[in-house]
Amino acid sequence: MSNITQVVNEDKNMKTLKKSVIAAGLDKVLSGTGPFTVFAPSDLAFEKMGKEELDNLMKSENRAKLTDLLNQHVVSGKINFKDLKDGEKLKTVNGKELSVHVKDGHVTIGNAKILGHDVQTSNGVIHSLDAVIKN
């Protein structure tokens with residue numbers, strides 16, 4: 001079974017995430033033992049940010065900001081879609097808090113809606129999002 005980094009690298013809807021994970025140096029972390037739950041912004045989610053903001057984050061001098069932003073999408077442990085509870089608070093690997101909202105079978109994490117879910121990997125699980133989480 002592939003790990004999180006390998007799955008992101010192969011997913012045709014996560015090209016921007018792949019580039020940003022590599023630029024931030026998180027590819028090695030997300031290939032590690034884990035387990036991790038990754039709330040992965042799709043390419044469309046990154047497009048909503050705007051090209052200028054994204055290009056700025058990808059500059060080498062902004063690596064710390066990019067890393068911080070990406071870490072807001074990663075939670076230690078493996079959390080499947082069915083286990084997400086309304087009102088739950090999840091702590092990200094960089095210490096930020098994500099609020100879970102469940103309504104009519106739809107789940108949002110912060111400002112982002114989960115689109116695809118429960119992509120199982122050898123070191124965790126990936127849920128794809130329609131927006132980039134910003135705290």
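Analyst: S8 is mostly covered: 6 of its 6 residues are buried. Buried means under 20% relative accessible area, exposed means over 50%, and partly exposed lies in between, with a 1.4 Å probe and protein chains only. Strands (E, at least two residues) and helices (H or I, at least four) are DSSP runs, numbered from the N terminus. This is a predicted model, where local features need pLDDT of at least 70, side-chain atom pairs count only at pLDDT 80 or more, and totals for chains, interfaces and linings use all residues. Residues are numbered from 1 along each chain as its sequence is written, and side-chain values use heavy atoms, with hydrogens and water left out.

Both faces of S8 are covered. Gly 124, Ile 126 and Ser 128 are buried on one side. Val 125, His 127 and Leu 129 are buried on the other. In a regular strand the side chains alternate between the two faces of the sheet.

Now the sheet. S8 belongs to an open sheet of 4 strands, in the order S2-S1-S8-S7 with mixed pairing. The edge strands are S2 and S7 (119–121), and each pairs on one side only. The twist averages 20° from one strand to the next; axes are lines fitted to C-alpha atoms, for helices over the stretch in contact, and angles run from 0 to 180 degrees between N-to-C directions. Two strands pair if DSSP finds at least two bridges between them. Strands of a sheet pair through backbone hydrogen bonds, either parallel or antiparallel.

Take the S1 side. S1 (residues 36–41) runs parallel to S8, joined by 6 bridges. Ala 40 stands opposite Ser 128 there. S1 also pairs with S2, in the antiparallel sense over 3 bridges. In that pairing, Thr 37 stands opposite Val 75 in S2.

Take the S7 side. S7 and S8 are antiparallel, over 3 bridges. A hairpin through 2 residues joins S7 to S8. Thr 121 has Gly 124 in S8 as its bridge partner.

Next, Ser 128. It sits in S8 (residues 124–129). Ser 128 counts as buried because its relative accessibility is 16%. Leaving out residues up to four places away in sequence, Ser 128 touches Met 14, Ala 40, Lys 113, Ile 114, Leu 115 and Gly 116. Contact means heavy atoms within 4.5 Å.

Other strand residues have partners in loops. Ser 42, in the loop between S1 and H3, touches Leu 129 and Asn 13, again not counting residues up to four places away. Ser 42 is at 11% relative accessibility, so it counts as buried. His 127 is touched by Phe 81. Phe 81 lies in the loop between S2 (74–76) and S3 (89–91). At 17% relative accessibility, Phe 81 counts as buried. Beyond four places in sequence, the contacts of Phe 81 also include Val 107 and Ile 114. The C-alpha atoms of Phe 81 and Val 107 are separated by 8.3 Å, with the two residues 26 apart along the chain.

Last, the core. Ile 126 is among the residues with the most contacts inside the largest nonpolar core, which has 23 residues. Leu 17, Val 38 and Leu 70 are the others named. A nonpolar core is a set of buried Ala, Val, Leu, Ile, Met, Phe, Trp, Tyr and Cys residues joined through side-chain atoms within 4.5 Å.
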